[in-house]
Amino acid sequence: MAECHPVGFQWVMEAKRKGARIIHIDPRFTRTSAVADQHVALRAGSDIVFLGGIIRYILEQEKYFREYVVAYTNAATLVRDDFRDTDELDGLFSGYDPETGTYDPASWAYKGVEEYAAAGNARKPSADQSAHTDRAAGDTHGAAGAVGHGHSQTTRDETLQDPRCVLQVLKRHFARYTPEMVEQVCGVSPQDFLSVCEAVTANSGRDLTTAWVYSVGWTQHAVGVQYIRSAAIIQLLLGNMGRPGGGIMALRGHASIQGSTDIPTLFNILPGYLPMPSVDDHPDMTAYLKTVTSDTQKGYWTHAGAYTASLLKSWWGKTATSDNDYCFSYLPKISGDHGTYNTVTRMLDDQVEGYFIMGENPAVGSAHGRMQRLGMSHLKWLVVRDFQLIESATWWKDGPEVRSGELKTEDIDTEVFFLPAASHVEKDGTFTQTQRMLQWHHKAVDPPQDARSELHFMWHLGNKIRARLAESTDDRDRPLLDLTWDYGQDGTDEPSADKVLREINGWQVKPDGTPGPLLSSYTQMKDDGSTAGGCWIYTGVYADGVNQSARRKPGSQQSWVAPEWGWAWPSNRRILYNRASADPQGRPWSERKAYVWWDEEAGSWTGHDVPDFPADRAPDFRPEPGTAGPEGIAGDDPFIMQSDGKGWLFAPTGLLDGPLPAHYEPQESPIRNPLYSQQSNPTRQVLKRKDNLSNPSADAPGAQDFPYVFTTYRLTEHHTAGGMSRWLPYLSELQPQFFCEVSPALAAERGLVNGDWATIVTARSAVEARVLVTDRIRPLTVNGRTVHQVGLPYHWGQGGKGAVVEGDSANDLIGLTLDPNVHIQEAKAATCDIRPGRRPADHQVRGMVEDYISRAGITVETGNTLHEKGDQS
Amino acid sequence: MSSHSLFGPLDPAVDAGWEQAPGRKGFLTDTSVCIGCKACEVACKEWNAIPSDLGDGITGESYDNTSALGANTWRHVAFVEQSTPPAPAAPPAVDLGMPTLRAPDADAKPEFRWLMSSDVCKHCTHAACLDVCPTGSLFRTEFGTVVVQDDICNGCGYCVPACPYGVIERRAEAPGDKTKNAGIAQKCTLCYDRISDGDLPACAKACPTESIMFGDVDELRERGQQRVAELQEQGVTGARMYGDDPHDGVGGTGAMFLLLDEPEVYGMPPDPVVTTRDLPRMWKRAGLAAAGLAAGAALSLLGGS
């Protein structure tokens with residue numbers, strides 16, 4: 001965190017001054033470790049064992065916050081009798097189909113909801129795509145998780161004794177995640193591990209809370225979603241959710257990544273985490289809503305119809321009416337995985353014509369840079385918008401493949417357009433940070449020369465396309481022509497970001513179809529076309545006609561929660577699910593941790609924050625069993641967006657790789673999985689291609705050619721792929737060169753010399769880096785043998801115009817294997833070889849890689865077996 | 001307090017003849033909260049328009065690619081990777097009447113440390129650079145800081161060997177480039193232009209963890225000493241102040257440091273002495289010698305007549 005988020009880290013240092021204990025768990029010793037009370041080095045890719053070990057410790061030692069766990073989580077809820085866990089099936093959950101590498105999640109459901117199972121969760125694979133990329137995976141669900149059919153009425157055993165209750169399932173599941181297993185898999189000593197367990201549990205309860213903070217590298221694994229689930233289980237067991245000082249904080253790689261999922265740049269969701277409709281399943285809005293929510297579940301997702309209708313009204317205005325399903329048919333539909341990596345493979349297969357790159361640098365920043373660059377060479381056109389002529393804009397004349405002679409500039413047909421972009425100080429708009437807080441930034445200076453904002457570009461592009469289509473009578477052009485697109489300001493060609501924010505907030509629709517008063521809350525949204533709003537969770541950001549995100553009242557002039565600084569969704573709540581900060585009777589768990597509570601006299605919830613609960617819902621309120629929607633939320637159901645009102649220790653629906661986290665080794669690993677016969681995630685998305693080979697793992701033939709683990713990361717001095725730092729002399733001089741970090745022991749083993757060069761090789765590429773020999777990287781003893789790790793910052797690239805520094809790109813080393821839920825690449829744990837000296841000349845690098853591939857006997861099948869047959873399966 | 005003294009405690013601004021000086025200003029750099037982000041280095045360069053200094057790739061010295069203070073580096077963050085056990089406890093600095101130290105908790109002690117510290121010109125009470133400057137380019141400001149006037153400096157370079165910390169340096173001319181102020185002596189001004197307007201120095205403003213503090217030297221000294229006591233109390237036995245003693249060889253410094261180990265570990269001299277300290281004595285001796293020589297010569301002339 002100090003390394004990548006030094007400004008945010010000031011608050012950690014402030015907490016430390018006040019006595020907080022800082023524990024840092026990371027394969028390398030970073031600037032964070034330097035000021036932490038304890039640094040725990042573990043093997044990259046082994047985190048679920050570490051976290052699972054903590055869960056086991058909490059359960060075995062009975063350290064969980066029992067009152068919280070019983071009332072607020074699904075610990076007491078019973079799971080179906082036919083659910084079988086990984087401990088019984090040697091690393092598989094029940095429902096696995098080895099043919100397709102997918103699960104039928106029916107048996108993971110809660111007991112008593114069998115009759116709803118037919119409604120189904122997982123979408124059928126569509127037929128029009130190649131076998132290994134067509135799984136729609138997490139595209140199925142919005143943030144609602146999945147539909148919780150029947151969850152308004154679950155079967156619970158609040159004594160937590162029933163062997164089918166979630167807590168007992170958890171106990172059995174994590175029983176094998178012992179301190180000895182942690183030592184064996186992670187390379188962490190039992191003493192270090194237990195001291196973390198003791199610190200975390202001692203610092204949780206009525207009077208204390210523990211926070212977990214992760215950076216997005218945690219998600220970049222073939223089991224990335226389950227990493228975060230593991231942390232969620234710990235926090236729920238310890239009562240650290242919905243309470244001040246608790247929670248799980250995701251530190252993002254860019255300034256507004258939270259914003260770009262709220263109002264998504266992702267292919268599979270619409271604004272406000274509504275799922276993207278699909279070609280196969282959603283002919284109309286009724287069919288769509290049936291897969292978004294259910295009339296037999298609790299909570300606010302049952303109002304998804306109002307959110308969807310309001311979204312459509314904001315986009316298509318007067319044209320969207322009840323007669324035409326509010327133009328639902330205008331929405332683009334997905335037919336499978338259209339994620340970034342699938343798109344790249346489709347480019348390579350000549351199925352993609354054009355590509356927009358805005359504020360990204362995939363030639364350097366995305367996994368498998370070679371596939372990225374070669375993919376782009378198959379495009380007809382490419383638009384790059386950035387501050388600088390980054391490598392993704394110039395690969396066609398100076399990229400590694402052009403340098404090596406593999407590509408010839410004159411043979412590349414891609415037409416590349418570069419449009420200079422304005423920076424955040426050169427335009428109005430909002431950032432949404434990880435606390436879900438929107439902060440408005442005012443334009444301070446005009447952008448230089450031709451640089452323009454993204455908003456300017458998109459608005460004018462829309463205007464131009466619409467002008468061209470103006471005379472069209474083709475139905476397919478209606479969605480563009482009927483779009484509300486009036487963001488202009490008189491006397492200027494710059495569109496108004498303020499108008500966009502107003503549209504996002506939403507308004508009452510006047511009888512004549514024009515915008516009426518602005519909405520102040522999403523609870524005002526209707527499904528009858530009388531309201532419009534571009535993102536339901538953002539409704540209220542323009543409450544009372546005031547841009548609430550532009551508020552900057554100093555902290556000294558308001559309460560410690562600081563509700564008048566910016567605006568947080570939903571409804572300016574600073575902590576989600578904060579009903580959990582009070583006990584089941586509505587009293588603060590302790591005075592020290594008082595946050596929101598039930599005011600008996602006033603008959604309402606009150607406190608320091610906006611209560612995240614129906615304001616007048618008494619703690620002892622119990623709905624008629626089976627009552628759906630917000631009315632079904634009991635007075636002790638803090639998790640009001642969950643279909644049963646409870647925090648999910650066990651996810652009965654919504655995930656594709658299991659209801660609980662299980663440890664699987666990364667696609668490339670130095671060891672066999674000691675926990676199960678199943679080596680790697682049996683549902684991971686493998687891309688079997690000649691240009692995407694994997695190194696052999698563990699004891700497989702050829703694994704000895706790639707004996708080391710490597711991981712990639714960022715340095716304080718640079719920003720991601722370098723577009724915002726390698727062009728700046730003052731930053732570049734601070735970290736001028738690509739380097740690799742190795743331990744003195746590995747340096748001795750391989751003859752690496754501090755300051756000299758080394759070459760790092762995988763089945764994808766070979767790159768050269770200067771060597772930094774450091775005690776900050778330690779060899780670990782894993783499964784009885786020494787495992788060396790190589791650390792690689794990934795900020796450098798070759799090419800680009802005007803970069804102050806350049807170098808080989810660490811991401812060229814990484815192959816594409818994806819998490820099934822969200823298609824994120826496994827970029828943080830893989831294997832490599834490292835040798836002293838520089839790599840061969842550009843035109844000989846492929847030869848070196850090919851030698852490794854043939855020596856190790858690698859084929860497209862290597863490492864890509866989904867189901868490993870164990871003794872018991 | 002003697003006037004125009006070359007060592008010992010004094011108020012340098014008053015000593016330099018400022019009437020109604022606003023009080024001595026300086027830095028306290030608390031390295032115990034430094035996270036090595038180098039924001040100070042960048043902010044300093046941005047504000048003072050210092051040329052970039054892209055070297056020959058990485059230095060191989062941990063994450064430090066700047067290496068030392070110099071003409072183009074007025075703030076420098078040192079990165080010290082320390083695998084050996086921490087140094088023995090610091091000698092008791094100033095007795096604040098705090099409770100006695102408890103034994104350090106062996107479990108809480110990291111066996112490996114990565115020390116970071118942002119170094120800067122010390123703005124000495126007795127600044128040899130200033131004392132030896134023949135042009136008056138280096139002067140003592142009303143804040144008690146030491147500043148080079150680059151339009152007066154003639155580049156003689158006397159100040160460079162005079163500095164006991166190796167801070168001040170003449171700017172080399174980059175080949176094929178129009179270097180600003182080439183040949184002119186360069187160092188931290190403690191952002192004279194900013195503090196004159198009531199702003200924080202650029203480095204202190206940019207520091208996210210308040211490792212770099214700016215303020216009245218007396219207050220900072222006290223704050224630092226309290227923090228040392230606090231850290232000692234927590235078992236950080238190596239914590240100590242550096243530059244806070246008005247009786248040291250430079251009369252104490254305007255830029256003080258809270259270090260976690262011996263100064264040498266961070267590349268700082270353990271016992272700096274103003275190089276002009278012995279000047280009066282030297283002049284006296286030289287004078288005596290000259291007088292003796294003159295007398296001898298006279299005698300010889302007399303004797304020869």
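Okay, let me start with helix 2 of chain B, where B:Ala39, B:Cys40, B:Glu41, B:Val42, B:Ala43, B:Cys44 and B:Lys45 are buried. Buried here means 20 or more other C-beta atoms within 10 Å of a residue's own, exposed means 12 or fewer, and partly exposed is in between, with C-beta atoms placed from the backbone. Helices (H or I, at least four residues) and strands (E, at least two) are DSSP runs, numbered from the N terminus.

Before I go on, a word on what we're looking at. This is a predicted model, where local features need pLDDT of at least 70 and side-chain atom pairs count only at pLDDT 80 or more, while totals for chains, interfaces and linings use all residues. Residues are numbered from 1 along each chain as its sequence is written, and chains are lettered from A and ligands numbered from 1 in the order in which they are written.

Back to that helix. Seven of the ten residues in helix 2 of chain B are buried, so call it mostly covered. What do those buried residues pack against? On the chain A side there's helix 21 (729–732), and within chain B there are strand 2 (75–82), strand 3, helix 6 (202–206) and strand 8 (212–216). Contact, by the way, means that the C-beta atoms of two residues, placed from the backbone, lie within 7 Å. And just after helix 2 of chain B, B:Ala49 has a positive phi of about 50 degrees.

Now the cysteines. The unreviewed UniProt entry has a "binding site" annotation on B:Cys44, B:Cys188, B:Cys191 and B:Cys203. UniProt positions are in the numbering used here, feature names are shortened, and annotations may be inferred rather than shown by experiment.

Let's take two of those. B:Cys44 sits in helix 2 of chain B, and B:Cys44 is buried, with 25 other C-beta atoms within 10 Å. Leaving out residues up to four places away in sequence, B:Cys44 touches B:Ile50, B:Trp74, B:Arg75, B:Ala202 and B:Cys203. B:Cys188 is in the loop between strand 7 (185–186) and helix 5 (192–196) of chain B. It's buried too, with 27 C-beta neighbours inside 10 Å. Beyond four places in sequence, B:Cys188 is in contact with B:Trp74, B:Val120 and B:Cys121.

There's another group under that annotation. From the unreviewed UniProt entry, "binding site" also covers B:Cys34, B:Cys37, B:Cys40 and B:Cys207. How far do these four span in sequence? The answer is 174 residues, yet no two of their C-alpha atoms are more than 10.7 Å apart, so this group also gathers at one spot.

B:Cys34 lies in the loop between strand 1 (25–30) and helix 2 of chain B, buried with 28 other C-beta atoms within 10 Å. Its contacts, again not counting residues up to four places away, are B:Met116, B:Ser117, B:Ser118, B:Thr209 and B:Ser211. B:Cys207 comes from the loop between helix 6 and strand 8 of chain B, and 27 C-beta neighbours inside 10 Å make B:Cys207 buried. Past four places in sequence, B:Cys207 is in contact with B:Ala39, B:Cys40 and B:Ile212.

Okay, the interface. Here 29 residues of chain B are in contact with 32 residues of chain A. Which elements of chain B each supply at least two residues to that side? They are helix 2 (39–48) and strand 3 (113–120). Helix 2 of chain B gives the most, with five residues. By type, the chain B side divides into 13 nonpolar, ten polar and six charged. Nonpolar takes in Ala, Val, Leu, Ile, Met, Phe, Trp, Tyr, Cys and Pro, charged is Asp, Glu, Lys and Arg, and the others, Gly among them, are polar.

pLDDT is the predictor's confidence in each residue, from 0 to 100. Chain A has a mean of 94, and 96% of its residues reach 70 or more. Over residues 117–138 of chain A, though, pLDDT stays under 50, and the model has 50 contacts beyond four places in sequence for that stretch. Where pLDDT is low, the predicted coordinates should not be read in detail.
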